[in-house]
Amino acid sequence: MKVYGTPICIDCRNYRALQQSRGFAAEYIDITASTDNLREFLALRDHDPVLAPVRERGGIGVPLFVREDGAKTLDLDEALGWLGQPPVRAEEIVEHRSCGINGCR
C-alpha cells in the first residue's frame, strides 16, 4: 500500500505515529518533499472520482491510501483492514486537534 501525506497535516502525523507504533509496512510518500511526489499525488487527486468530494469542498485529500490493485480511500480504518490491521483505538491517537473559542469543530 502507498500512503500520500505531508507532515503539516495532523491526520498524516497521526497515521505515521500509528504505523511506527504498530510496525506495519506501507510506502509513505511525503507530497511536500519533492515536486515529483506532489505531481504524482495531484495526478491522482485531480482526476480520481473517489476524491471528487474532497475537491468540491476545497480539501487536499491526505492522507490518501492506495492499495496495490489501485483502490483508494481516505478512511484510515478501511486502509488498515487492507493490511489485516484492526481499526484505530482512541488511545493510539497521539495528536489531537485543539479547540478554538467556540469549541472543537
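I began with the rings and found that Tyr15, Phe24, Tyr28 and Phe65 form one aromatic cluster. For pairs I took rings of Phe, Tyr and Trp (its six-membered ring) with centres within 6.5 Å, calling planes under 30 degrees apart stacked, over 60 edge-to-face and the rest tilted.

Before going on, I noted that this is a predicted model, in which local features need pLDDT of at least 70 and side-chain atom pairs count only at pLDDT 80 or more, while totals for chains, interfaces and linings use all residues. Residues are numbered from 1 along each chain as its sequence is written, and side-chain values use heavy atoms, with hydrogens and water left out.

**Aromatic pairs**

I looked up the number of aromatic pairs and noted 4 in the structure. One of them joins Tyr4 and Phe41, a tilted pair with 6.0 Å from centre to centre and 40 degrees between the planes. This pair links distant parts of the chain, since Tyr4 belongs to strand E1 and Phe41 to helix H2 (residues 35-45), 37 residues apart; helices (H or I, at least four residues) and strands (E, at least two) are DSSP runs, numbered from the N terminus. Tyr4 counts as buried because its relative accessibility is 3%, and Phe41 likewise counts as buried, at 1%; the cut-offs are under 20% relative accessible area for buried, over 50% for exposed and partly exposed in between (1.4 Å probe, protein chains only).

I then turned to Tyr15 and Phe65, whose ring centres are 5.5 Å apart with planes at 70 degrees, so the pair is edge-to-face. Because Tyr15 lies in helix H1 (residues 10-22) and Phe65 in strand E3 (residues 64-66), the pair ties together parts that are 50 residues apart in sequence. Both Tyr15 and Phe65 are buried.

**Charges over rings**

I applied the criterion that NZ of Lys or CZ of Arg is within 6 Å of the ring centre and within 35 degrees of the ring normal. Arg16 lies over the face of Tyr28, 4.0 Å from the ring centre, and the charged end of Arg67 sits over the ring of Trp82, 4.7 Å from its centre.

**Helix H1**

**Cysteines**

I looked for disulfides, taken as a pair of cysteine sulfur atoms within 2.5 Å, and the structure holds 0. Cys9 is in no disulfide, and the nearest cysteine sulfur, that of Cys12, is 3.3 Å away. Seen from Cys12, the closest cysteine sulfur is in Cys9 at that 3.3 Å, which is too far for a bond. Cys9 is buried, with a relative accessible area of 14%, and Cys12 is buried at 0%.

**Gly5**

Where does Gly5 lie? I found Gly5 in strand E1 (residues 2-5), and it counts as buried because its relative accessibility is 0%. Leaving aside neighbours within four places in sequence, Gly5 is in contact (heavy atoms within 4.5 Å) with Cys12, Tyr28, Ile29, Asp30, Ile31 and Val62. I also noted that Gly5 and Val66 are 61 residues apart in sequence and 12 Å apart in space, C-alpha to C-alpha.
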